[in-house]
Amino acid sequence: MRDYKYLFGPVPSRRLGSSLGVDVVPLKICSLDCVYCEVGKTTDLTVDRKEYFPTDIIVEEIKDYLKNNKHPDYITFSGSGEPTLNISIGKIIDFIKSEYSHIPIAVLTNATLLGDKHIRKELLKADLILPSLDAGSKKVFDKINRPCNKIDFDNYIDGLIQLRKEFKGKYWLEVFILPEYNDSAENLEEMRKIVEKINPDSIQLNTLDRPGVLSDIYPASREMLENIKKSWKFDNIDIISRNNSNSKVNIVQDNVDETILSTIKRRPCTLEDLEEILGIHRNEINKHLSILENNKQIKRNIQNRGIFYSKAL
Ligand code: SF4
């Protein structure tokens with residue numbers, strides 16, 4: 001398979017099935033520097049929108065991939081930073097919808113730019129938007145999400161509420177719970193009030209899965225997530241658990257090295273993660289990890305949940 005620069009996967013997503021990722025912002029440009037970010041520390045904390053990558057090449061890669069491969073369940077804008085920072089995201093969405101209207105588009109966004117109605121408008125043709133909310137106040141927002149100083153918390157919340165009014169597709173609000181950062185009773189109540197105002201189709205309670213930017217953070221327990229679900233009393237809360245995925249991607253065995261590299265390029269993974277994601281027996285994955293390690297193409301990082309593999313620089 002051709003090595004695409006701006007596409008990754010398709011990866012089996014817990015929520016989307018087989019998802020072809022489109023990366024429209026370089027590593028690691030973001031308007032936030034979340035303490036739990038799996039991609040790594042934000043090196044360019046900004047709200048400046050630019051054509052970070054050539055739009056025509058991204059479009060050409062999408063065309064080429066879809067011409068030569070099975071169509072994915074979703075095309076998803078996510079990856080190395082905040083996708084709405086790319087000024088051409090609306091154009092790329094429009095292109096996909098005009099040529100491949102049968103393939104749903106998902107956008108994972110931290111929502112910090114959505115206070116701007118023009119940026120919200122660019123996303124309206126997507127089928128599913130997954131915005132994030134981790135804080136009920138500016139104080140907690142500063143602690144967990146560490147925003148660019150040009151972001152106004154109230155404007156961000158207003159953007160989340162306005163988007164729900166304007167967007168006709170599915171709106172799944174992702175709420176990330178991190179003990180000692182945003183799990184106080186006061187913050188949870190403030191967040192509950194905001195969630196009520198937004199009124200999303202689904203509330204996805206999530207917690208840490210992989211190493212974050214800070215080493216002393218740890219995931220919320222299942223019990224904590226269940227308690228939040230119970231106390232919030234919404235009937236559309238899903239707890240996102242690692243074991244929810246039943247989607248496997250069938251990959252050609254020759255491409256195992258390539259697929260492992262492409263998978264861990266954006267998210268460090270354990271052997272178990274790779275087994276679950278790729279649907280390949282762990283012995284086989286181990287064999288390939290050894291080769292990649294010997295070739296110095298990957299590196300290890302030992303964490304509480306196990307050994308995480310990531311791409312060597
Ligand atoms: S988690 Fe998302 S929003 Fe937060 S720093 Fe990482 S890429 Fe940016």
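1. K233 sits in the loop that runs between α7 (222-232) and β10 (237-239). Helices (H or I, at least four residues) and strands (E, at least two) are DSSP runs, numbered from the N terminus. Phi of K233 is near 60°, a positive value in a residue other than glycine. K233 is exposed, with 9 other C-beta atoms within 10 Å. A residue counts as exposed at 12 or fewer such atoms, as buried at 20 or more and as partly exposed in between, with C-beta atoms placed from the backbone.

2. A note on the basis. This is a predicted model, in which local features need pLDDT of at least 70, side-chain atom pairs count only at pLDDT 80 or more, and totals for chains, interfaces and linings use all residues. Residues are numbered from 1 along each chain as its sequence is written.

3. R146 also has a positive phi, near 40°, and is not a glycine. Its place is the loop between α4 (138-144) and α5 (153-166). R146 is partly exposed, with 17 other C-beta atoms within 10 Å.

4. Look at the peptide bond between L27 and K28. It is cis, with omega about -5°. K28 belongs to the loop between β2 (17-22) and β3 (29-30).

5. Domain 1 and domain 2 each give 11 residues to the contact. Contact here means C-beta atoms, placed from the backbone, within 7 Å. On the domain 1 side, five of these residues are nonpolar, four polar and two charged. Ala, Val, Leu, Ile, Met, Phe, Trp, Tyr, Cys and Pro count as nonpolar; Asp, Glu, Lys and Arg count as charged; the others, Gly among them, count as polar.

6. The largest nonpolar core has 60 residues. Such a core is a set of buried Ala, Val, Leu, Ile, Met, Phe, Trp, Tyr and Cys residues joined through C-beta atoms within 7 Å. V24, A106, V107, A126, V175 and I177 touch the most other members. Leaving aside residues up to four places away in sequence, V24 touches Y52, F53, I58, F77, P83, N86, I89 and I92. Another core of 15 residues lies apart, with I260, L274, I277 and I298 among them.

7. The ligand has C30, L32, D33, C34, C37, V39, T42, G81, E82 and N110 around it. Each has its C-beta atom, placed from the backbone, within 6 Å of the ligand. This shell divides into five nonpolar, three polar and two charged residues.

Key:
Contact = placed C-beta atoms within 7 Å.
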